[in-house]
Amino acid sequence: MSDDLFDFSPKVRQFTVVGNPIEHSKSPQIHQLFAQQFDLRIDYGTTLGEVGGFNQAVQHFEASGGAGLNVTVPFKLDAFHLADQLTPRAEFAGAVNTLWFDGGKIHGDNTDGIGLLNDITNNIGFDLAGKRILLLGAGGAVRGILQPLLEAGPSELVIANRTEGKAIDLAQLFEPHGSVKASTFKALEDQQFDVVINGTAASLQGELPPLPQDCFKPEALAYDLMYAAQPTLFMKWASNAGATHCHDGLGMLVEQAAEAFFIWNQHRPSTAPVISALRSY
Ligand code: ATR
């Protein structure tokens, strides 16, 4: 008689992260560390998506019994279009990083913005209410975090981008949600901010957005959405320019994963031990 007949253990749920490239993703490790906190057994893998083949990859994963997927570069827009049902925050973000299957439908959410907010407010302990925020960049990464940042109640949020038109479009889109305006980098001269968030892809080219040296107010926070084993170029620059708190996006990565884990498994993991564990590797 097969042993399977007497296997009453709960089915191991399957998850994956789809991206291209994907081999360096930390998501499998993060989700396994979360699962251990609840003695949950999960199977969390990586899927290398082919450009133009995202929908097929998701359908294949669902057909093989998958429960949910994380989505990373360059497929967040594909996921947005594929989802049958979007959460309001995914609608605002215009992009999806978390998918799951329920009731015959593909559901999509975006947990990046709430991940950033949780990292800034809970882990770093920085209150954004009443603060003047500068957001650098106007691409998908910045759009994904705008609504939660505005909900935190800053006095003003300025979006500065190399291509000003994109900053203007984003500012107009989010105007109903708070005080937000567009700027060029040049027009930032003689302006000071409590928070400067780097959402540009400049560091990928080993570059920095052209910011004035005196852009930080006292006790300011500089936050890079990118993360690396060493302080990023932007963090080093910000520290030299007088920012008191300088952080990379590792905390945001873990926090966005925690939100996805909660959606899928209805357990809210502790993030601090996972952030420490990742830092120590
Ligand atoms: P993502 O999804 O990561 O946001 P994206 O949509 O391609 O990627 O956006 C990249 C952002 O980084 C844009 O705001 C881009 O500015 P432009 O709109 O002018 O292209 C910005 N960016 C890229 N390289 C940059 C550089 N060297 N200096 C300043 N900004 C840069």
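**A sheet and a cavity in a predicted model**

Colleague: Which residue is the bridge partner of glutamine 85 in S6?
Modeller: This is a predicted model. Look across from glutamine 85 to strand S6. The partner there is histidine 107.

Colleague: How many bridges join S4 to strand S6, and do they run parallel or antiparallel?
Modeller: In general, strands of a sheet pair through backbone hydrogen bonds, in one of two directions. S4 and S6 (residues 105-109) run parallel. The number of bridges that join them is two.

Colleague: Which are the edge strands?
Modeller: The sheet is open, with six strands in the order S2-S1-S3-S5-S6-S4 and mixed pairing. An edge strand here pairs on one side only. That gives strand S2 (42-48) and strand S4 (85-86).

Colleague: What angle does the direction of helix H1 make with that of S2?
Modeller: Helix H1 (residues 27-37) packs on the sheet. It touches strand S1 (13-19), S2 and strand S3 (68-71). Its direction makes an angle with that of S2 of about 170°.

Colleague: Which element gives the largest share of the lining of the largest cavity?
Modeller: The search of the whole structure finds one cavity of 30 Å³ or more. Helix H4 (88-93), helix H5 (112-123) and helix H6 (140-151) each give two or more residues to the lining. The largest share is four residues, and it comes from H6.

Colleague: Where does the largest cavity lie relative to domain 1 and domain 2?
Modeller: Its volume is about 50 Å³. Among its lining residues are Arg89 and Gln147. Both domains give residues to the lining, so the cavity lies between domain 1 (3-110 + 252-280) and domain 2 (124-248).

Notes: Residues numbered from 1 in each chain as written. Predicted model: local features only at pLDDT ≥ 70, side-chain atom pairs only at ≥ 80, totals over all residues. Heavy atoms only, no water. Pairing = 2+ DSSP bridges. Contact = heavy atoms within 4.5 Å. Axes fitted to C-alpha atoms, helices over the stretch in contact; angles between N-to-C directions. 1 Å grid on protein atoms, 1.4 Å probe; cavity = no way out; pocket = protein on both sides within 12 Å on 5 of 7 lines; lining within 4 Å. Points joined across faces, edges and corners; volume = space filled by probe spheres on them. Domains from an automatic or database assignment.
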